[in-house]
Structure formats: C-alpha cells, structure tokens
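Here are a few exercises to work through with the model open on your screen. Try each task before you read its solution.

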Amino acid sequence: MTDDRAILRGLFDAAVEAANPVKAVARNLPPKPKGRTVVIAVGKAAIPMAKAVEDIWDGPLEGLVIAPHGYGHDLKRLHLVHASHPVPDKTSLAAAEQALALAATLGPDDLLIALISGGASALMSKPVPGISIGEKFGLVKAVLKCGANIAELNCVRKQVSAVKGGRLARAAGKARIWTLALSDVPGDDPAIIGSGPTVADPTRKKDALAILARYGVPVPQAVEAWLRAPNEDRSILSPGVETRVIVSPHESFRAVRAKAEAQGLNVLYLGDRIEGEAREVAKVHAAIALEIADRDAPAKKPCLLLSGGETGVTVRGKGRGGRNVEFLLALAIALGGDRRITALAADTDGIDGMEQIAGAVIDPSSLDRARAKGLDPMAFLENNDAHALFERLGDQVITGPTHTNVNDFRGIVIR
C-alpha cells in the first residue's frame with residue numbers, strides 16, 4: 001500500500017516533468033523579423049517559456065510576461081507583472097491593458113511571439129466597453145461554480161472580453177504573429193487554450209447566451225445587452241499567423257505509461273479528453289477498477305488505470321471545491337475501502353480549483369482513517385469540501401507552482 005502511494009507520486013512527477021515547456025519552446029522559435037521582436041507571455045508556464053526565448057534569442061528583444069501572484073523569476077530582458085488566478089481581479093485588468101497597449105505599437109515589419117499556457121484567461125482579463133469589471137468577473141465566477149466545462153467557460157469569457165478570442169492579435173495589426181501554446185484542454189484546441197487571445201474564435205455571442213441559459217447563470221443587464229447585440233468584426237488583420245501547440249497532455253501520459261510499464265504495471269489508458277461532473281467520472285473509474293480487480297478485465301493486474309482531461313464541479317455546498325479532490329473522494333466512497341486499490345488525482349499546475357494544493361492520494365485505509373477521526377466522508381463530499389478532509393488525513397499532494405499545465409492526472413493502481 002505504502003509503495004503504491006510512492007509509485008503514484010513518482011508517476012505524477014513524471015507527468016509534470018514531461019510537460020516542461022523549455023525545450024519545446026527552443027525547438028519552435030520563428031525566424032527573426034526585419035523590425036522589432038516583442039514577446040507577450042501569459043499563463044502558469046509564462047515564466048519558463050519566456051526565459052527559454054530570452055536564453056536563445058540573440059537579437060533585440062522586449063516584451064511582457066504575465067504570471068500568477070507569487071511566481072518567482074530570473075528574467076532579464078522581459079518585464080514581469082503578476083495577476084490573479086483562477087478568479088481575475090484588478091491586476092488581471094491592468095495586465096490585459098498593458099498587453100493590448102504593447103501589441104498596438106507593432107508594425108508590419110515586427111514580430112509578436114505569443115506564449116500562451118493554462119491560466120491565461122484569468123491572468124489577462126478586460127471586459128468589452130459597456131460592461132464593468134465587477135460584472136465580468138462576477139459572471140466568470142458564477143460560470144466556474146456551475147459545473148460548465150472548460151470550452152463552455154472560455155466561450156463565455158471570450159464573448160465579453162476585449163483581449164480574448166483573437167482580440168490581442170487584432171490589436172497587433174499587421175505584425176507577424178507566432179503563437180506557441182501549452183495545452184491544458186481536452187482536444188488541444190488553440191482557440192480554447194487561454195481563451196485564444198491570438199487565435200480566431202469560432203464561437204459567437206449566441207453561443208455564450210445558450211451556455212448561460214443552460215446553467216441558469218444570472219446575467220447582468222449590461223452583459224445581456226452586449227450579447228444580444230450584433231457580433232463585431234474580430235478578424236485577425238495580420239497576413240502572417242502561425243500557431244503551434246508545442247506541449248500537450250499526450251506527451252505527459254506517454255512518459256507516465258513508459259515509467260509505469262518499467263515498474264511492472266499493465267497500463268489501461270482512458271485518454272486525456274475526459275470531462276463531466278467529477279463525482280460521476282469517479283463512479284465510472286471505480287467500476288472499471290473493480291472489474292479489473294475481480295476479473296482481470298479489461299486489463300490484467302497489476303494495472304495502472306490512467307486518465308486525463310478536465311472534469312467539473314457543480315458547487316452546491318460551502319466547501320473549498322477542487323475537481324481532483326472531489327473526484328478522489330467520490331472514488332474512495334465508490335470503492336468502499338477495497339484492499340487492492342490505491343489512487344492519486346492531481347492537477348499538473350499544482351493548483352486544484354482555487355487551492356494551492358495539486359490534489360490528494362487515497363489508499364484502502366482512507367475511509368477507515370477518516371471515520372476514526374469522527375469525519376464523515378459523504379458529508380464532506382456533499383459539502384464540496386474534499387480539500388478539508390484530505391488535509392485532516394495528511395493525504396494532500398503539494399507541489400508548489402510547477403510552471404506548466406497540461407490538465408489533470410488520474411492514476412489508479414490495482415493489485
């Protein structure tokens with residue numbers, strides 16, 4: 001049991017390491033322009049991505065790097081600002097305004113290198129004219145809590161944003177635009193990664209209205225008026241646009257699979273596109289794990305059941321949320337303390353929900369240890385408060401900022 005906890009932590013660390021963006025940036029830099037080279041890097045991997053450009057680019061270089069509060073750096077040529085994640089605030093607005101102003105200084109002979117990673121949507125946030133900061137940020141927070149998936153959340157964000165959905169590229173006019181993105185979304189769609197500030201947006205206002213109606217999200221009057229008005233021209237003006245997804249969950253899970261197989265585990269990989277309500281996804285994973293434990297099907301023991309993607313949590317209780325810990329607590333309850341199964345679920349960016357905790361680990365003793373402390377696991381689940389339970393058990397996975405993000409890691413070892 002103890003060995004399986006250590007094995008799972010090692011596999012999670014391998015997933016994070018495989019998502020290191022530095023080498024990928026170095027392999028994908030563009031030719032030098034006639035004019036200026038400007039970098040705008042935004043997201044949880046913004047600092048190492050920007051540092052990779054600094055270390056390799058031997059010509060003049062300038063730009064802006066936007067990272068979450070508390071992220072340290074050793075940048076020398078690019079200017080760093082900190083902003084808020086996962087819920088934007090005034091620092092996110094200031095960062096967006098700086099990015100738009102910098103892009104607007106570019107001309108046809110210049111090059112914009114956009115380095116985009118998970119978290120960019122919150123870190124660089126500015127509403128369209130007529131919508132207040134409070135209205136936009138309140139809307140995003142409400143959508144976050146309602147259980148919408150990442151594509152739905154980013155659609156709403158883009159339709160009320162002055163910087164997302166290709167608007168940063170539009171601000172850059174006819175400058176050449178070279179975007180390098182780290183994918184933290186199912187399907188690796190660059191229009192969804194960080195809400196696609198330099199990528200043409202296929203969604204429209206009516207799509208955002210339909211999402212808000214589907215989840216019953218209250219819509220401020222100014223937001224509704226904007227979304228019911230005609231779509232504005234958001235075409236990207238630059239004749240030279242290149243967009244590359246340079247790191248995705250696929251590379252991380254390939255590294256995990258190789259390491260697990262080297263440790264004698266058969267790997268059943270369910271893919272990196274799994275979405276849905278976290279506790280419902282947990283029930284499906286539990287059913288597969290128990291089938292393997294009982295019947296050696298659809299894979300033989302010892303087995304690692306592996307999956308990625310980005311689930312959601314509909315917050316109905318008063319707890320601290322967190323999709324990975326909610327998945328894991330629901331999994332533990334569904335497994336009922338089965339002696340053959342140990343599991344870890346964590347976010348590769350080191351932040352699960354709004355907590356500076358990556359996730360947690362469960363083993364066959366988890367439910368018994370909770371009840372011995374007078375804690376009711378089901379009550380914590382119903383209150384969306386799995387973080388608090390795993391904190392009491394000492395079973396949290398804490399990494400600190402990983403400076404990368406390729407969505408979630410879920411690993412279940414079955415003996």
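**Exercise 1. Find the salt-bridge partner of Lys205 and say where the two residues sit.**

Step 1: Start with the rule: a salt bridge is a side-chain nitrogen of Lys or Arg within 4 Å of a carboxyl oxygen of Asp or Glu. Lys205 pairs with Glu232, and their closest N and O atoms are 4.0 Å apart.

Step 2: Lys205 belongs to helix 9 (residues 205-214), while Glu232 is in the loop between helix 10 (221-228) and strand 6, so the pair links distant parts of the chain, 27 residues apart. Helices (H or I, at least four residues) and strands (E, at least two) are DSSP runs, numbered from the N terminus.

Step 3: Check the burial. Buried means under 20% relative accessible area, exposed over 50%, and partly exposed in between (1.4 Å probe, protein chains only). Lys205 comes out buried at 2%, whereas Glu232 is partly exposed at 27%.

Before you go on, a word on the numbers: this is a predicted model, where local features need pLDDT of at least 70 and side-chain atom pairs count only at pLDDT 80 or more, though totals for chains, interfaces and linings use all residues. Residues are numbered from 1 along each chain as its sequence is written, and side-chain values use heavy atoms, with hydrogens and water left out.

**Exercise 2. Are Glu326 and Arg279 buried or exposed, and which helices does their salt bridge tie together?**

Step 1: The two side chains meet in a salt bridge at 2.9 Å, N to O.

Step 2: Glu326 lies in helix 13 (residues 323-335) and Arg279 in helix 12 (residues 278-295), so the bridge ties together parts 47 residues apart in sequence.

Step 3: Both partners are buried: Glu326 has a relative accessible area of 1%, and Arg279 has 16%.

Step 4: Now compare another pair. Asp338 and Arg340 form a salt bridge at 2.8 Å, N to O; Asp338 is buried at 15%, but Arg340 is partly exposed at 29%.

Step 5: Arg5, Asp363, Arg369 and Asp395 are linked in a network of them.

**Exercise 3. How many residues of helix 13 are buried, and what span should the helix have?**

Step 1: Of its 13 residues, 11 are buried, so helix 13 is mostly covered. Among them are Arg323, Phe327, Leu331 and Leu335.

Step 2: The expected span is 1.5 Å times one less than the number of residues. For helix 13 that is 18 Å, and the end C-alpha atoms are 18 Å apart, which agrees.

Step 3: Look just past the end of the helix: Gly336 has a positive phi of about 65°.

**Exercise 4. What lines the second largest pocket?**

Step 1: Know what you're looking for. On a 1 Å grid over the protein atoms alone, a pocket is an open set of points where a 1.4 Å probe fits, with protein on both sides within 12 Å along at least five of seven lines; lining residues have an atom within 4 Å of a point.

Step 2: List the lining: Glu17, Ala18, Asn20, Lys23, Ala24, Arg27, Ile246, Val247 and Glu251.
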